[in-house]
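Please have a look at the entry below. My notes follow as numbered points.

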Amino acid sequence: MVLKRAMILAAAGVLALASVGSAFDVYSDESAFLAAAPAVTMESFESLAVENDYSHASITVQDFTVSVTGSSGMGVYDTPPSWDGHATDGSNFIMISSTPQDLTFAMNNPILAWGINVTDWGDWGAGTLTFRLGSQIVHEMDSTGIVSDEEFFWGYLGDQYFDSITLTNTVSGEAYSFDEVYYGVPEPMTLSMLAAGGLAALRRRKK
Ligand SMILES: [Ca+2]
Ligand SMILES: [Ca+2]
Ligand SMILES: [Ca+2]
């Protein structure tokens with residue numbers, strides 16, 4: 001499908017675009033993400049032992065390892081601490097402690113789609129949460145206006161394979177939680193990519 005799309009783009013004269021950057025969509029709506037990437041797998045952390053403390057630098061599940069930098073720790077919770085955080089599916093969720101940190105998801109296999117539900121980030125102080133694939137920043141959130149225990153979703157769907165996702169928090173004292181991590185290689189490819197291919201084909205026909 002990617003190859004076919006590249007051929008269509010080449011025919012339309014935009015191969016340079018396709019070779020220097022990837023096409024991708026960022027989603028803040030979970031339903032829209034799942035509609036575009038219906039075949040993704042979801043990790044809800046329900047099979048992990050619950051400890052309700054920040055005793056881990058990394059946590060490994062079936063298809064990825066998530067690790068946190070510096071002096072921050074994280075752990076499997078089923079009881080929200082007094083500063084909040086909660087499960088968005090089932091009862092278990094992952095809680096991250098409160099120093100500025102990089103949270104990196106290392107996937108066992110290359111993927112095209114990835115998503116996460118985050119809760120209680122941005123209520124402690126001013127700062128940003130940046131989402132990166134490798135060194136590429138694909139989205140950045142500002143804490144302005146975010147309230148305690150607020151949930152947000154972030155999803156990414158692109159046409160270039162990746163295996164590492166990093167969330168960088170700049171707020172000191174900010175603890176937050178996440179749950180429902182989605183990942184996979186969706187088939188069929190997204191409507192937007194089909195639309196891009198269709199548009200290219202239309203342009204070609206007009207020549
Ligand atoms: Ca869960
Ligand atoms: Ca918080
Ligand atoms: Ca809070």
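1. **Terms.** Two strands pair if DSSP finds at least two bridges between them. Helices (H or I, at least four residues) and strands (E, at least two) are DSSP runs, numbered from the N terminus.

2. **Ground rules.** This is a predicted model, in which local features need pLDDT of at least 70, side-chain atom pairs count only at pLDDT 80 or more, and totals for chains, interfaces and linings use all residues. Residues are numbered from 1 along each chain as its sequence is written, while chains are lettered from A and ligands numbered from 1 in the order in which they are written.

3. **Confidence.** pLDDT is the predictor's confidence in each residue, from 0 to 100. The protein has a mean of 85, and 80% of its residues reach 70 or more. Strand 2 scores highest, at 98. Helix 2 (residues 15-20) scores lowest, at a mean of 36.

4. **The start of the chain.** Over residues 1-20, pLDDT stays under 50. The model still has 19 contacts there beyond four places in sequence. A contact here means two residues whose C-beta atoms, placed from the backbone, lie within 7 Å.

5. **Overall make-up.** The protein holds four helices and 11 strands. Take the contacts between residues at least 6 apart in sequence: 80% of them join residues at least 24 apart. Of the 207 residues, 28% count as buried. Buried means that 20 or more other C-beta atoms lie within 10 Å of the residue's own; exposed means 12 or fewer, and partly exposed is in between, with C-beta atoms placed from the backbone.

6. **Strand 11.** Why is strand 11 (residues 176-184) largely enclosed by the rest of the structure? Eight of its nine residues are buried, so the strand is largely enclosed.

7. **Partners of strand 11.** Strand 7 (residues 101-119) runs antiparallel to strand 11, and six bridges join them. Within strand 11, Asp-179 stands opposite Asn-117. Strand 6 (residues 93-96) also pairs with strand 11 in the antiparallel sense, over three bridges. Met-95 faces Ser-177 of strand 11 as its opposite residue. Strand 2 (residues 41-43) pairs with strand 11 over three bridges, again antiparallel. Here Thr-41 has Tyr-183 as its bridge partner.

8. **Gln-160.** Is Gln-160 exposed, partly exposed or buried? Gln-160 counts as partly exposed, because it has 14 C-beta neighbours inside 10 Å. Gln-160 sits in strand 10 (residues 151-169). Ala-23 is 137 residues from Gln-160 in sequence, yet their C-alpha atoms are 7.8 Å apart in space.
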